[in-house]
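Biologist: I would like to learn how to read a model of this kind, feature by feature. Could you take me through the general idea each time, and then show me the case at hand?

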Amino acid sequence: MAMGDYSESSAKLSGVGKLWNEKLGVEDSVALVTRIKDELMWPDACISSKMVGGRLETVCARTDDMGEIRIYCDTDCTYVFIDEITENMGNVLKIKSRINDALVKNKMTSQISIIMNASVNGYMDYASKNIMCDALFRKIGADIVSENRDNDMFVVYGYTENISEYINILNEKVNVNLAITFDEEENVTKIILATPINNMDF
């Protein structure tokens, strides 16, 4: 297969914030999600609130399906989840900065994952997966921390000092995560590169 035969690519940025010792009501939750939406400079979005499993959930969804903010109010704290998708890979760091600023300005902790997706037409054989993985890790200067190079579920975790953020997994620093899977229904190989880690299902 041609390694450059890409059918699509995109990036999803996922931010998680937490307000300690604060349980917001409907009015405050809507106000918070509105502030975050405005700070992210999102276009038109729909905001709604409802009780789910005994806790308040407020959702702000972009009308173009390219982003969503979810606020969950537990008994002693409030969690904020921000997802934004872009097909312009040049905007990734700019969006990451906006998400971080929106969380920090609202006095929350901030943890952001960048998940880049690419689809390659057809099936990528095992040798090609290994060549791509090794070349990619060399290019970004990452050392492999752990790996499962199974033909059906190809997952590799690594660490590079070129990226400041990282998480600890079994006392090892990790900030690069590569996964390669094949979608039989769509007949495409999906390549997922995340930092610091992929928090989505493969």
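Modeller: Let us begin with the elements: helices (H or I, at least four residues) and strands (E, at least two) are DSSP runs, numbered from the N terminus. On that basis the protein chain has three helices and 12 strands. This is a predicted model, in which local features need pLDDT of at least 70 and side-chain atom pairs count only at pLDDT 80 or more, while totals for chains, interfaces and linings use all residues. Residues are numbered from 1 along each chain as its sequence is written, and side-chain values use heavy atoms, with hydrogens and water left out.

Biologist: How many residues does the protein chain have, and what percentage of them count as buried?

Modeller: Buried means under 20% relative accessible area, exposed means over 50%, and partly exposed lies in between (1.4 Å probe, protein chains only). The protein chain has 202 residues, and 43% of them count as buried. Its C-alpha atoms fill a box of roughly 55 × 35 × 35 Å, taken along the principal axes. For contacts, the criterion is heavy atoms within 4.5 Å; among contacts between residues at least 6 apart in sequence, 54% join residues at least 24 apart.

Biologist: How should I read strand pairing, and which strands does strand 4 pair with?

Modeller: Two strands pair if DSSP finds at least two bridges between them. Strand 4 (residues 67-73) is joined to strand 3 (residues 55-62) by six bridges, and the two run antiparallel; it is joined to strand 5 (residues 77-86) by seven bridges, again in the antiparallel sense.

Biologist: Why is strand 4 described as largely enclosed by the rest of the structure?

Modeller: Six of its seven residues are buried, so strand 4 is largely enclosed by the rest of the structure. Cys73 lies in this strand and is buried, with a relative accessible area of 1%. Leaving aside residues up to four places away in sequence, Cys73 touches Lys23, Leu24, Ser29, Arg55, Leu56 and Thr78.

Biologist: Which other strand is mostly covered, and what are its partners?

Modeller: Strand 11 (residues 176-183) is mostly covered, with seven of its eight residues buried. Strand 8 (residues 154-159) pairs with strand 11 in the antiparallel sense over five bridges, and Gly158 has Val176 as its bridge partner. Strand 12 is joined to strand 11 by seven bridges, also antiparallel, and here Asp183 is the bridge partner of Val188. Four residues lie between strand 11 and strand 12 in their hairpin, where Asn187 in the turn has a positive phi of about 55°.

Biologist: How is a pocket found, and what lines the second largest pocket?

Modeller: Rolling a probe the size of a water molecule over the atoms shows where empty space is left. On a 1 Å grid over the protein atoms alone, a pocket is an open set of points where a 1.4 Å probe fits, with protein on both sides within 12 Å along at least five of seven lines, and lining residues have an atom within 4 Å of a point. The second largest pocket is lined by 12 residues, of which Met116, Asn117, Ala118, Ile191 and Leu193 lie nearest its centre. Strand 1 (6-20), strand 6, helix 3 (126-139) and strand 12 are the elements that give two or more residues to this lining.
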